[in-house]
Amino acid sequence: AQSAEGSLFVRMRAVIQMTGLGRSTIYRLVAQDKFPSPVRLAKRAIAWRRTDLERWSAGRPTVIH
């Protein structure tokens, strides 16, 4: 059995934790083609491909506060 950490798909709650972005920001960026599009897993379930999120994250400039 795969652990949640090694899964191919990431649900919204985990995407928010991984990216630090809010739900509405994520959907706005998807609409602007600035964030990977989610995949429909079931009628009322969507998730993001982990590889897409990792690629997106790697392409972001690092911000140092």
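1. In this note a residue is called buried when its relative accessible area is under 20%, exposed when over 50%, and partly exposed in between, using a 1.4 Å probe and protein chains only. By that scale D52 is buried, because its relative accessible area is 18%.

2. The model is predicted: local features need pLDDT of at least 70, side-chain atom pairs count only at pLDDT 80 or more, and totals for chains, interfaces and linings use all residues. Residues are numbered from 1 along each chain as its sequence is written, and side-chain values use heavy atoms, with hydrogens and water left out.

3. The protein chain has three helices and three strands, where helices are DSSP runs of H or I with at least four residues, strands are DSSP runs of E with at least two, and both are numbered from the N terminus. Along the sequence the pattern reads β-α-α-β-β-α. Of the 65 residues in the protein chain, 31% are buried.

4. The accessible surface of the protein chain is about 5,200 Å², by the Shrake-Rupley method with a 1.4 Å probe; for residues, only the protein chains shown count as cover. Carbon and sulfur atoms account for 52% of this surface. A contact is a pair of heavy atoms within 4.5 Å. Among contacts between residues at least 6 apart in sequence, 42% join residues at least 24 apart.

5. Which residues of helix 2 are buried? In helix 2 (residues 23–31) they are I26, L29 and V30. Seen down the axis of helix 2, these buried residues fall within an arc of 105°, so they line one face of the helix; the arc is that of the directions from the helix axis to the C-beta atoms. In general, an α-helix has 3.6 residues a turn, so residues three or four places apart point the same way. The buried residues of helix 2 pack against helix 1 (12–19) and strand 3 (45–49). The face of helix 2 turned away from its buried side carries the exposed residues S24 and A31.

6. D33 follows helix 2 and lies in the loop between helix 2 and strand 2 (39–42). Its phi is near 60°, a positive value in a residue other than glycine. Most residues other than glycine have a negative phi. D33 counts as exposed because its relative accessibility is 69%.

7. There are two salt bridges in the structure, a salt bridge being a side-chain nitrogen of Lys or Arg within 4 Å of a carboxyl oxygen of Asp or Glu. One joins R49 to D52, with the closest N and O atoms 3.7 Å apart. The other joins R55 to D52, with the closest N and O atoms 3.5 Å apart. R55 and D52 both lie in helix 3 (residues 50–58), three residues apart, about one turn of the helix. Salt bridges that share partners join R49, D52 and R55 into one network. R49 is partly exposed at 39% relative accessibility, and R55 is exposed at 58%.

8. On the surface, L8, F9 and L41 form a nonpolar patch with about 280 Å² of accessible area together. Patches are made of residues with over 30% relative accessible area and no salt bridge, like charges being joined within 9 Å and nonpolar side chains (Val, Leu, Ile, Met, Phe, Trp, Tyr) within 5 Å. F9 lies in strand 1 (residues 9–10) and is partly exposed, with a relative accessible area of 33%.
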